[in-house]
Each structure stands twice: as structure tokens, then as C-alpha cells.
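Okay, thanks for coming, everyone.

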Amino acid sequence: MTGVGTRTRAGATGVVLRSGTRALAAWRPTPYAVAGTAFWLLLAVVAWHTPIASDFGQHASAVQRVRDNPWHPANPLLKEPGTDSPYYSPYIVALGLAARATGAAGWQMVRWCGPLNLAVLVAGVGAYARTLSTRRVAPVYALLAFTLLWGVEGKEWSGFCGVWSLTRGASYPSCFAVGLTFLLWAWTDRLARRGGTAWQYAGLGAAAGVLLLVHPITALAAAVGVAATVAARQHGWSRRVAGRWALAAAAAVAVAAAWPYFDVFALAGDTTVDQVHRRLYTHPWQWYGLALAGVPALAWRAARARLRDPLVLMFAADGAIAAYGWFSGHYTYGRVFALLLVPLQFGLAVELAAAPPWTRLRAALVPPAAVALCFALAAQIGSVVPQSWLPVATQHPARWPDYRWVADRVPVGDVVLTDESIPMHVLPAYGLYLVAPTWPDPSTPAADRDRRWSDTTAYFAPSTPPARRAAIAHTYDATWLLLPPTGHPPTPATLTATSPQTGEHLYHLTPPKVGKP
């Protein structure tokens, strides 16, 4: 009996193994699983090795402040309270709490989020593309169009997901927000087509509320996409259906209003960063020109479906918001360009993926799409491929110098006096404070920002008396001074270190106790 039982169990195991082997052999990864994974791996590696630059320091500093004091974090850049700072979003607070639990520094947490944010972005692009087309290659084309068809020059801006920009911005909250936006649109499409439980609608609204807190201007474009999807996809309106969508909207507002760190709705009329964003309107061809290859596809969708196409509705509404930003002078609304191009990019991708059959439109789309793709590769390839691997000289993102030599000597929470742009962006990543902010924070009054910049300018002016410099350093509790190689230090000051890369000098200040200037 034992021998029979053994043979029976062995035979059953063999059947299971053979069935599993056949199932594994029959499984084939989708084209998007292959392309998306390759894209994620390439960008994750490049972003991981990109030096700290641009907005990285601002976000890493905010994470460090939450790590140090979760309930009352200080201002990300200035040694003063951070009350009502919009930088303390759920994204930043979550990273700060993770840093506190693990003992990691703020800049390390931001760096580690790059691969995660890219995964959310890739998943979101794929999910949304599948709501527009059932063709297996449609998500692949959508990912290529969304990350390549921007402008004729490589440009970097937070929330703009061209390959060039992602090499630095993958770890920013804006990248996560754009990926979450695509997932919300796919979720909305599913509910509009098939319906769902009240909890599913409330969950959609809660996620939208989190998005509003993480990146408000992306949330505005996301809300446009949600509304466009509902208008185009929802059939059979009833009191019950309207109530479910109202529940989703109420959940979004409730989540955003309940956030204790800042009032996101107070940002609606804020003009603090308007002038910073004026650049988004100045060179439209250089920034967005290649996306125009999708205009014929979008026009065809408009002629075919009119007001029942989500991409057409989305493009019209986002275009109106961008126009309002230009004519009103509230240039911050120009950030909707990050998602305004989606209807052009995805419309082109979906139409090309629908071939065969080759209609006249699809055949006509191939030449401009191929030309645009060539220009896009020429513009952005330098951001991911070293020059030694390329046959011709190409443009590459500037590699900012490393300031770990300063961070290794200056304790977290100390104030450093400098008026150089690059260190002012990088040093906050290591938890160091500045005297003047690199980016305006709405929580700091404009008069205070102006005063700080005026004092910083005065400190480095050659004609400023030593007593005045000492008073400025004392006012802002600055105990460290970073000077360029040709700078002359005040007295008393002790040279602490010199950068082997840039020749900059780090001094330790010992200012006398004097009154405020």
C-alpha cells in the first residue's frame, strides 16, 4: 500500500509540474510589460546617479524638517517656523516619517523615491492608455509619445515628464502626482463605464484629495481629466449615479480640507510664484512643439466623437486654463502644459496603434510622427546616454558640483551665508538653512523674503562695513560662510575647508554679539 501511495503522489506531483510548465511556456509578457520595465530601469539608474540639483534640495530639506519635528516642522529653507508651508504635503510628511523611523537623512529618502515614482508613472501611463485602446502596443506608443514628444530642445521643469526632465525630477512629488493622475483617470473611466460601490467612488475622491495636497496645479489638470472622462464615458445618468459622483467630489474636498499642515484652498489666488512660471509661455516651440504631430489625430477624434471624446474635452479645458494664465498674468497656471499635451500625445499613439488597417489618416500620421520622434531623440538622448557612446556631440544636462564636503562639516540645522545660486539650491538637501530663500514659499511674507535678500546682497557687497556684515550674520544666526575662490572673508572667520572641485571656501564665523541692523 505504501508503494502504491507513493507512486500516486509522485504521479500527481508530476501532473502539477507539467501543467505549471505548460502554463509558464504559454505565458508571454505584454509589449508594455517589456517596454515599461526597460524604460523604468533606464530612467531609474540614470536618475539615481544624477547629482543633487534644481528642486531636489527644497524637497529633501522639507523631508528633513518633518524628520526632525513631525508635528511642527520648520521652514524648509529658513530658520523660522514652517507654519502653513504648502511643501508639507502628504508625500513629504510620509517621507519624513519614514526617515524618522529608519534613521535615514531627508536627501536619502527623496533619492530612494525616484524608482518608486517612476513605477507609478509607468503604471499610470499604461492603465490610462488601455482605457483609450485595446491594442497591445497602444500603451507602448503612449509611453514613447508622452516622454519624448515635447520640444526641440531638452528642457527641465518639475512635473514635465519628458525624458530629459525625468532624469532629475523622478524623485520629486510632481512625478508621483502625474503618475497618480493617470491612475485616477483610468479609475474614473472604469467607474463611468461599469459603475461601482459607494466606497469605490469615495476612494476615488479621497485619492484626488491627496493629489490636490501633493501637487495642486497637477490636481487642477487631473480634475479636468476626471470631468472630461465622466462627461464622455458616463451613460444613463440617474439620481443615484449623480449622487455617487457627488460623493467622490465631497470626499476629495473633505480630505484636502482636513489636512492639518496647510490650507490648500488658500493657494487658489496666491501669486507668489507667478513670475517664476512666466518662462513656460516664452518659447512654446522649444518646449512643446513636437507634440503638434498629434494635432491631426486629435482633430479626427473631435470630428468623429465631438463632445463624447475625453481627450478632446480635456484638451479644450486645459487650453482654456493655460490661456487664462497668460492673459491674467497668473503664469503658474502654465504648469497645466504638463498634461495639456497628453491629448495630442495619446491621440497620436492610439491612432498609430490602431493600424492595421491603414487608413489615410494613419498613413498620413507616420511621416510627421517619425520626424518628430527623430527630433525628440536628438533633443533628449544626451540626458541618458554618455557622450562617449554617441557618434556626434549632443547637449547634456549640466552636472552640478557635489557639496557633501560642506555637509560633512556643518551640522544639520546650522545657517550658511551664501549668495551663489548652485549651493543655495543644493545645501538645503543636507538639512542646512539659508539666509535668503532660493524659491519663494507662500508661508513666508514677501516683505520678509525681500528683506532677507536685501541683507544677503548687502553682506557680500564690497562697500559694506565689517560691523554691518557682523550684524547681518547675527540677525539670522548664520555661523558659516561659503565664498567663491576669489571671495574675501570677513574677520573674524576661520577657514574650515576648500572644495577640490570648485575651489570654494567654507568659513566658520564667530560674530560678536551685536544688535540687529
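**Starting from one phenylalanine**

Let's begin with Phe346: skipping neighbours within four places in sequence, its contacts are Val125, Tyr128, Ala129, Leu132, Ala142, Phe146, Phe182 and Leu311. By contact I mean heavy atoms within 4.5 Å.

Quick housekeeping before I go on. This is a predicted model, so local features need pLDDT of at least 70 and side-chain atom pairs count only at pLDDT 80 or more, while totals for chains, interfaces and linings use all residues. Residues are numbered from 1 along each chain as its sequence is written, and side-chain values use heavy atoms, with hydrogens and water left out.

Back to Phe346. Together with Phe146 and Phe182, Phe346 touches the most other members of the largest nonpolar core, which has 130 residues. Helix H5, residues 106-132, supplies the largest share of this core, eleven residues. Apart from that core there's another one, of 15 residues, including Tyr433, Val435, Ala458 and Leu509. Buried is under 20% relative accessible area, exposed is over 50%, and partly exposed is in between, with a 1.4 Å probe and protein chains only. Helices and strands are DSSP runs numbered from the N terminus, with helices being H or I of at least four residues and strands being E of at least two.

**The wider view**

The C-alpha trace spans about 85 × 75 × 55 Å along its principal axes. There are 517 residues in the protein, and 51% of them are buried. If you take contacts with a separation of 6 or more, 72% are between residues 24 or more positions apart.

H6 is residues 138-148 and H16 is residues 342-353, and they pack at an angle of about 145 degrees with their axes 8 Å apart. Those axes are lines fitted to C-alpha atoms, over the stretch in contact for helices, and the angles run from 0 to 180 degrees between N-to-C directions. From H6, the contact uses Ala138, Tyr141, Ala142, Ala145 and Phe146; from H16, it uses Val342, Gln345, Phe346, Ala349, Leu352 and Ala353.

Most residues other than glycine have a negative phi, and most peptide bonds are trans. Which peptide bond comes out cis, with omega near -5 degrees? That's the one from Ala355 to Pro356. The bond from Pro356 to Pro357 is cis too, with omega near 10 degrees. Pro356 sits in the loop between H16 and helix H17, residues 360-380, and Pro357 is in the loop between H16 and H17.

Then there's Ser54, not a glycine, but with a positive phi of about 55 degrees. Ser54 is in the loop between helix H2 (31-48) and helix H3 (56-68), and it counts as buried at 13% relative accessibility. Asp477 isn't a glycine either, and its phi is positive, about 55 degrees. Asp477 is partly exposed, at 40% relative accessible area, and lies in the loop between H21 and E3.

That brings us to H21 itself, residues 466-475, where Arg469, Ala470, Ala471, Ile472 and Ala473 are buried. What covers those buried residues includes strand E1 (415-417), helix H20 (446-460), strand E3 (478-483) and strand E5 (505-509).

Okay, that's my tour. Over to you.

Conventions:
Core = buried A, V, L, I, M, F, W, Y, C linked by side-chain atoms within 4.5 Å.
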